[in-house]
Amino acid sequence: AAAGSGNLGDSLPTQDHHHHQYGQQQQQQQQQNGSPTDPKDTHVTNTPSSSSCTTAVAPPWLAGDGLLSVVELLWCNLDEPMAQTLAKVQDAFEALLDLLVYQDTAAAQLGLNAPQPSSSSSRSRIGAFTDTASFLHATAAAVLAVPPNKKGRYSPLTSLLPRVGAMYLLQQQQGLVQQVLGAMQDDMIANSASAFFKALLLQLRKECRGSTAAAAASVAAAAAALGASGCGN
């Protein structure tokens, strides 16, 4: 019995044996993964940041021929009869204006020259322009030249309002209020025209705050337009 118990004790693995096998397995796994086995070999190297040794690169601005292509596409669908398609065109026009303003802001933040969306009048639907500001003004002038009975005229004007100003539009088209009031009497375009008229008044109020003379002149002009159109009765 004593001999049997001695043989049984010899056959059982000891705690040291378990630790030895576990250590061998850890070493094999580390060698397979390519990780160092000695903690002394593990160290972190300090590398310079990539942002400190790189310069800002100009992104692909929307300008020149690319901008002309977008304007041409939108202009051809300015008075699209299908409501869904016209809504998409109007959304695209709004996004185009946002993009041009964002390009100037991003260029200033990156310390780059602002993109120059220049064009000659012979190639552009909206006339000549040399930068974003002149593009907005040229676009406003071109849209104002669209006949007042066109439904697609008023949504672009609404998008241009906060970017060029209500006073600018009224100066460029002195009969604008009368045109809008006349368009509001047409059931086909009354919704678009009235939405623009509301936005025009709101923008005009913002611009006239703090300027009594400008506010008085604007109110007088609006009152005269209402009286001439017969809407004041």
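Residues are numbered from 1 along each chain as its sequence is written. In this predicted model, local features need pLDDT of at least 70 and side-chain atom pairs count only at pLDDT 80 or more, while totals for chains, interfaces and linings use all residues; side-chain values use heavy atoms, with hydrogens and water left out.

**View 1. Helix α5 spans residues 132-144.** Helices are DSSP runs of H or I with at least four residues, numbered from the N terminus. The 13 residues of α5 reach 18 Å from the first C-alpha to the last, close to the expected 18 Å; the expected span is 1.5 Å times one less than the number of residues.

**View 2. Buried residues of α5 pack against other helices.** Buried denotes under 20% relative accessible area, exposed over 50%, and partly exposed in between (1.4 Å probe, protein chains only). The buried set in α5 consists of Thr-132, Phe-135, Leu-136, Ala-138, Thr-139, Ala-140, Ala-142, Val-143 and Leu-144. Their packing partners are α3 (64-76), α4 (83-110), α6 (154-164), α7 (166-172) and α8 (176-183), where contact means heavy atoms within 4.5 Å.

**View 3. Lys-150 and Asp-79 form a salt bridge.** A salt bridge is defined by a side-chain nitrogen of Lys or Arg within 4 Å of a carboxyl oxygen of Asp or Glu, and the structure holds three. The N to O distance between the side chains of Lys-150 and Asp-79 is 3.8 Å. This pair links distant parts of the chain, with Lys-150 in the loop between α5 and α6 and Asp-79 in the loop between α3 and α4, 71 residues apart. Lys-150 is partly exposed because its relative accessibility is 35%, and Asp-79 is likewise partly exposed at 36%.

**View 4. Glu-94 forms a salt bridge with Arg-163.** The closest N and O atoms of this pair are 3.3 Å apart. Glu-94 belongs to helix α4 and Arg-163 to helix α6, so the bridge ties together parts that are 69 residues apart in sequence. Glu-94 counts as partly exposed at 29% relative accessibility, and Arg-163 is partly exposed with a relative accessible area of 22%.

**View 5. Asp-98 also forms a salt bridge with Arg-163.** Here the closest N and O atoms are 2.2 Å apart. Asp-98 in helix α4 and Arg-163 in helix α6 are 65 residues apart, and the pair links distant parts of the chain. Asp-98 is partly exposed at 39% relative accessibility. Through shared partners, salt bridges join Glu-94, Asp-98 and Arg-163 into one network.

Note on methods. Helices (H or I, at least four residues) and strands (E, at least two) are DSSP runs, numbered from the N terminus.
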